[in-house]
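Please look through the structure shown below. The paragraphs after it go from one feature to the next.

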Amino acid sequence: MLYLLDLGSNKLRGVIPDEVGNLQELDFLSLSYNNFNGSIPIGIFNISTLVTISLTENHISGNLPSTIGHGLPNVEEIYLSGNNIAGVLPNSISNMSYLSILGLGRNEFTANIPTSLSNLKDILKLNLSSNFFNGSLPPEVGNFKAAILLDLSWNQISGSIPSTLGDLQKLTQLFLAHNRIEGYIPETFGNLVNLEELDLSYNNLSGVIPKSLEALEYLHFFNVSFNRLHGEIPNGGPFVNLSYQSFMSNEGLCGSPQKHVPTCPSNSKNRSKLKKRRMIWIVAASSVISVIGLASAIVFVLIRRRGKTINAEDEWSPEVVPQRISYYELQRATQGFDENNLLGTESFGSVYKGTLADGMIVAVKVFNVHMEGTFQTFDRECEILRNLLHRNLTKIISSCCNLDFKALILEYMPNESLDKLLYSRDYGLNILQRLNIMIDVASTLEYLHHGYSVPVIHCGLKPSNVLLDNDMMGHLADFGISKL
């Protein structure tokens, strides 16, 4: 009898045959990292002896059958991430009493996260990231007492964070980033004594960062950037070693200057000084605005006399509304990240040429998540490219991010890099083109140093990081090691 079937990473394609369901003594099935399409055969969910089923990274579509939890009484591990499975999550999954790992990330599941999942008392790792789950988190998530990983990032979850999450004292990783969560960070998070990584970025959280988090001695990754938090950043425990990137784009936060936030007013005397400073700044700002207005009027008149007009699009690139792009779409756009589509390699990953479903040609920058510092590099580049607007900066179209995959989708530059053209035998740059590219780079640096609210130092300026579009206009790229 066959007990183990592992056909992973073999470039198999087509539909998974129904006959797999006839292997009634099978306890391990892996068809991962292939090119299977179609839906999962119903027969697989009737192999009562199955302990592990892995169909990760295929092109599988369709829905999970509502009876999935009735035919697999002994299953412990289910890996279905990186497919195109849609629909709702069946309530019958809660009948899998031995289930310890459930990986459904990077699919197209919708609707609410069913409260019935709380019946999975022995669940260790639950990954529902990069789907379309909505609604609020049920308080019953506090029943996952054995869980060490909970990843619900990149969904459309709203409402507040249940305080019951603080009961998961074995939890080491909690990811709720890129949702629509509101309200406060629960004080009970200070009870997560084994927590190592906490990501709450890109939500609508308000209130303060609880001081109780200072007790989390194992916490080494913390991110609450791009929320609406205010108050003082805790300065004890793990917060001593956290960088400013953990707190970016929360205008109400204050604390140590090392966190790139204003100093917190400590008493009434400081508050009165602060008010005086504000008055001085208001008067100074009014004067500056008046001078700028007068200067602008003079410049406008001079330009009109020369018969020229200013086109705003020549100076600033329009803000791009990010579109959601899944890992499956990127895999298809780059033909499985084929080497033939490789544009180049950088210190933190590789860049591929890809064609999206709508025909748009893009550059896909894939980060090496196993390299130390990759998470900080990815966050830094997202922060800079998201907020800076200049015609000579590479435009960011979207991003794709989860625990084991991080990528930026960027504007494609058909003339590649300045480095290649400078040393090309087939193409030479004339003096005018060289001069224009120099002006493009200088204009970008002037904006980075003086045109943004916080000076940005690129730290990696070289010909290979100057990309050229169809019109041979220079665009500065690769902000992975830049500093704010």
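How many aromatic pairs does a search of the whole structure find? The search finds 9 aromatic pairs. The model is a predicted one. A pair of aromatic rings is described by the distance of the centres and the angle of the planes. In the pair of Phe-222 and Phe-239, the ring centres are 5.3 Å apart and the planes meet at 70°, so this pair is edge-to-face. The cut-off for that label is an angle over 60 degrees. Phe-222 belongs to strand E16, while Phe-239 sits in the loop between strand E17 (230-232) and E18, so the pair ties together parts that are 17 residues apart in sequence.

Phe-222 also forms an aromatic pair with Phe-247. Here the centres are 6.0 Å from each other and the planes are 50° apart, which is a tilted arrangement. Phe-247 lies in the loop between E17 and E18 and Phe-222 in strand E16, so this pair ties together parts that are 25 residues apart in sequence.

An open sheet is formed by 10 strands, in the order E1-E3-E5-E6-E8-E10-E12-E14-E15-E16, and the pairing is parallel. Strand E1 (4-6) and strand E16 (221-223) stand at the edges with a single partner strand each, so one side of each has no neighbour in the sheet. On average, neighbouring strands of this sheet are turned by 10° against each other, direction ignored. Strands of a sheet pair through backbone hydrogen bonds, either parallel or antiparallel. For strand E15 (residues 197-199) and E16, the pairing is in the parallel sense and runs over 3 bridges. Glu-197 has Phe-221 in E16 as its bridge partner.

Next comes the disulfide. The count for the model is 1 disulfide. Cys-254 and Cys-264 are joined by a disulfide, with an S to S distance of 1.9 Å. Why is the disulfide right-handed? The torsion about the S-S bond of Cys-254 and Cys-264 is about 100°, so the disulfide is right-handed. Cys-254 is buried at 13% relative accessible area, and Cys-264 also counts as buried, at 17% relative accessibility. Another cysteine, Cys-400, counts as buried at 4% relative accessibility.

Tyr-327, Phe-337, Tyr-352 and Phe-405 are linked into a cluster by ring pairs. Over the ring of Tyr-327 sits the charged end of Arg-106, 4.6 Å from the ring centre. Arg-106 is also touched by Asn-402, and so are Ser-129 and Ser-130, not counting residues up to four places away in sequence. Asn-402 is part of strand E22 (residues 396-402) and is buried, with a relative accessible area of 4%. Asn-402 and Trp-154 are 248 residues apart along the chain, and their C-alpha atoms are separated by 7.5 Å.

Technical notes
Residues numbered from 1 in each chain as written. Predicted model: local features only at pLDDT ≥ 70, side-chain atom pairs only at ≥ 80, totals over all residues. Heavy atoms only, no water. Disulfide = S-S within 2.5 Å. Buried < 20%, exposed > 50% of the residue type's maximum accessible area, 1.4 Å probe, protein only. Pairing = 2+ DSSP bridges. Helix = DSSP H or I, 4+ residues; strand = E, 2+ residues; numbered from the N terminus. Axes fitted to C-alpha atoms, helices over the stretch in contact; angles between N-to-C directions. Phe/Tyr/Trp six-rings, centres within 6.5 Å; stacked < 30°, edge-to-face > 60°. Lys NZ or Arg CZ within 6 Å of the ring centre and 35° of its normal. Contact = heavy atoms within 4.5 Å.
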